[in-house]
Amino acid sequence: MIRFENVSKTFASGLTAVRELSMVVPEGETVALLGTSGSGKTTTMKMVNRLIEPTAGRIRVDGVDIMTQDPVALRRTMGYAIQHIGLFPHMTVAQNVAVVPELLHWPARRIAQRVDTLLDMVGLAPEEFRQRYPARLSGGQKQRVGVARALAADPPIVLMDEPFGALDPITRDQLQNEFIQLKSKLQKTVLFVTHDVVEAVKVGDHIAVLHEGVLQQMASPLELISTPANAFVKDFLGQHRFQLSLMVHSIASLIDPAGAASPDSATPETPHALQSADSLLHALCTFATGRAAALPVFEENRYRGSVSRAAVLNALSDIVRRMGDGP
């Protein structure tokens with residue numbers, strides 16, 4: 001767990017980037033730091049591993065004040081992934097991933113096993129990519145290597161600063177989805193900096209909205225979109241708010257256990273099959289690709305029932321009505 005206690009940062013120029021920030025990043029959750037350029041997002045993240053040191057207040061990691069720890073040792077306990085990756089061009093993919101484990105003096109065999117495990121995990125076949133150099137990788141492949149390197153020493157905390165920001169929209173969407181799957185398996189505590197509202201809603205268990213160094217609201221994606229704390233948050237969500245509402249509402253409550261589709265006629269791999277955690281937006285897009293009146297729904301491999309096109313459209317109408325009545 002990461003706890004910020006009245007943390008401020010004022011630079012030598014006189015600029016105060018963060019003002020009296022108090023918040024908690026729960027263990028095993030991803031908190032997205034969201035805001036415009038200059039809002040204090042990256043400064044907040046970099047204070048956690050002391051790349052930037054706070055002017056006032058205290059940051060505790062698992063109850064320990066970070067200022068009482070050696071900064072180099074502290075950084076080796078945290079993964080760090082950034083937008084421009086920072087891979088060493090003269091090192092192979094395997095050597096890049098192995099940097100921190102080697103600094104920690106892991107045995108060579110353990111390092112090799114960890115590298116292969118992580119490359120598999122991020123979708124890069126070890127036998128194909130282990131000996132490649134960064135110059136022979138695409139942007140998405142480089143970013144995958146960057147994520148693998150951040151996870152190499154199995155750190156409990158991972159700091160990610162606009163990790164997918166430099167990628168094209170299709171690759172970015174793919175990596176966001178892969179990250180969501182990864183984080184559910186790894187249960188890391190993650191601080192994820194982004195200026196993209198849609199990305200924050202996709203990846204964050206909670207979202208902390210910053211403006212001019214001040215925390216405006218910290219909430220779950222659903223709470224943030226349903227009840228913005230103030231005019232700034234509402235304006236910041238702006239025209240995306242309807243799309244975001246469709247993203248944060250799942251189809252779970254719309255499932256008909258006695259639906260027409262049966263376990264005998266459908267599997268999770270059936271074209272257009274849904275998962276109970278899928279969003280209304282995903283369901284709408286799936287219905288749009290065909291003419292089915294209802295689609296089967298699974299929870300992983302267990303059949304849950306079906307969702308009808310009518311139920312999804314009714315839920316959509318309800319969201320439109322509530323947004324019209326809301327703040």
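This is a predicted model: local features need pLDDT of at least 70, side-chain atom pairs count only at pLDDT 80 or more; totals for chains, interfaces and linings use all residues.
1. With which residue does E5 form a salt bridge, and how far apart are the closest N and O atoms? The partner is R60, and the closest N and O atoms are 3.1 Å apart.

2. E5 has a second salt bridge to consider. Its side chain also meets that of R58, at 3.8 Å from N to O. This pair again links distant parts of the chain, with E5 in strand 1 (residues 2–10) and R58 in strand 4 (residues 56–61), 53 residues apart. E5 counts as partly exposed at 23% relative accessibility. R58 is partly exposed as well, with a relative accessible area of 34%, and R60 is partly exposed at 25%.

3. The structure holds 15 salt bridges. Side chains of opposite charge can pair when their charged atoms come close. One of the pairs is D116 with R130, whose side chains meet at 2.9 Å, N to O. D116 sits in helix 5 and R130 in the loop between helix 6 and helix 7, 14 residues apart. D116 is partly exposed at 25% relative accessibility, and R130 is partly exposed with a relative accessible area of 26%. Elsewhere, salt bridges that share partners join E5, R58, R60 and D65 into one network.

4. On overall form, the protein has 14 helices and 13 strands. A compact globule of 327 residues would have a radius of gyration near 20 Å, and the 22 Å of this protein agrees with that. The C-alpha trace spans about 60 × 50 × 35 Å along its principal axes. Of the 327 residues, 47% are buried. Among contacts with a separation of 6 or more, 64% come from residues 24 or more positions apart. The protein exposes about 15,800 Å², of which carbon and sulfur atoms supply 52%.

5. Helix 7 (residues 139–151) deserves a look. Its 13 residues reach 19 Å from the first C-alpha to the last, close to the 18 Å expected at 1.5 Å a residue. Eleven of the 13 residues are buried, so helix 7 is largely enclosed by the rest of the structure.

6. In helix 13 (residues 280–288), the residues L280, A283, T286 and F287 are buried. They cover an arc of only 125° around the axis, which puts them on the same side of helix 13.

7. Two single residues can be checked by eye. T43, in helix 1 (residues 41–48), is buried with a relative accessible area of 12%. Leaving aside neighbours within four places in sequence, T43 is in contact with K9, F11, A17, V18 and I52. L74, in helix 2 (residues 71–75), counts as buried at 2% relative accessibility. With the neighbours within four places again left aside, L74 is in contact with V48, N49, R50, I66 and Q69. L74 and L51 are 23 residues apart in sequence and 10 Å apart in space, C-alpha to C-alpha.

Note on methods: Residues are numbered from 1 along each chain as its sequence is written. Side-chain values use heavy atoms; hydrogens and water are left out. Buried means under 20% relative accessible area, exposed over 50%, partly exposed in between (1.4 Å probe, protein chains only). Helices (H or I, at least four residues) and strands (E, at least two) are DSSP runs, numbered from the N terminus. The arc is that of the directions from the helix axis to the C-beta atoms. The expected span of a helix is 1.5 Å times one less than its number of residues. The radius of gyration is taken over C-alpha atoms; the globule rule is 2.2 Å times the number of residues to the power 0.38. Contact means heavy atoms within 4.5 Å. Accessible areas come from the Shrake-Rupley method with a 1.4 Å probe; for residues, only the protein chains shown count as cover. A salt bridge is a side-chain nitrogen of Lys or Arg within 4 Å of a carboxyl oxygen of Asp or Glu.
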